[in-house]
Amino acid sequence: MNAGPKNTKKILIALAALLVVIAALLGVYQFTRGHAVQGGKDITVEVVHKDGSLKTFEYQTDLEYLGELLTQEKLVSGESGAYGLFITSVDGETADDSNQEWWCITKNSEQLNTSADQTPIADGEKYELTLTVGY
């Protein structure tokens, strides 16, 4: 069966529309994603353990991403995956997956949608790592 000129035209219009949508989404992503800040930074990391105890760590760094800093300082350990570092242990406490425990990363008390490896840091920022129960 031969596609007529009308079908070919519809396909070309659909492809052009798809390309425009993809370009728009890439533009939005580039505009809204976090950008790494170069140079010296002072940041605070608070760790909230399972028992509710709080421990504060102050860092001065030239690193650009949170994951780099946390692993270099040996505050966290975990597994590398498709989305970056999956934190399994913080400050010597390991999350128990069988109890649905996991380490939640927040910035100024707001949950992040990126892994530590994909989280750019800037001077004066405060991060929290909280052992959380339940998915």
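Predicted model: local features only at pLDDT ≥ 70, side-chain atom pairs only at ≥ 80, totals over all residues.
**Notebook: salt bridges**

I started with Glu-125, which is buried at a relative accessible area of 14%.

Which residue does Glu-125 form a salt bridge with? I found Lys-107, with the closest N and O atoms 2.8 Å apart. Glu-125 sits in the loop between strand E7 (110-111) and E8, while Lys-107 belongs to strand E6 (residues 101-107), so this pair ties together parts 18 residues apart in sequence. Lys-107 comes out as partly exposed, at 27% relative accessibility.

Next I counted: five salt bridges in total.

Then I went to Glu-46 and Lys-126, whose side chains meet in a salt bridge at 3.6 Å, N to O. Glu-46 is in strand E1 (residues 41-48) and Lys-126 in strand E8 (residues 126-133), so the bridge ties together parts 80 residues apart in sequence. Is Glu-46 buried or exposed? I have it as buried, with a relative accessible area of 17%. Lys-126 is partly exposed, at 29%. I also noted Glu-128 here: Glu-46, Lys-126 and Glu-128 are linked in a network of salt bridges.

Last entry: Lys-55 and Asp-91. Their side chains meet in a salt bridge, 3.7 Å from N to O. Lys-55 is in strand E2 (residues 54-61) and Asp-91 in the loop between strand E4 (84-90) and strand E5 (93-94), which makes this a link between distant parts of the chain, 36 residues apart. I checked accessibility for both: Lys-55 is partly exposed at 40% relative accessible area, and Asp-91 is partly exposed at 24%.

Definitions and conventions
Residues numbered from 1 in each chain as written. Heavy atoms only, no water. Salt bridge = Lys/Arg side-chain N within 4 Å of Asp/Glu carboxyl O. Helix = DSSP H or I, 4+ residues; strand = E, 2+ residues; numbered from the N terminus. Buried < 20%, exposed > 50% of the residue type's maximum accessible area, 1.4 Å probe, protein only.
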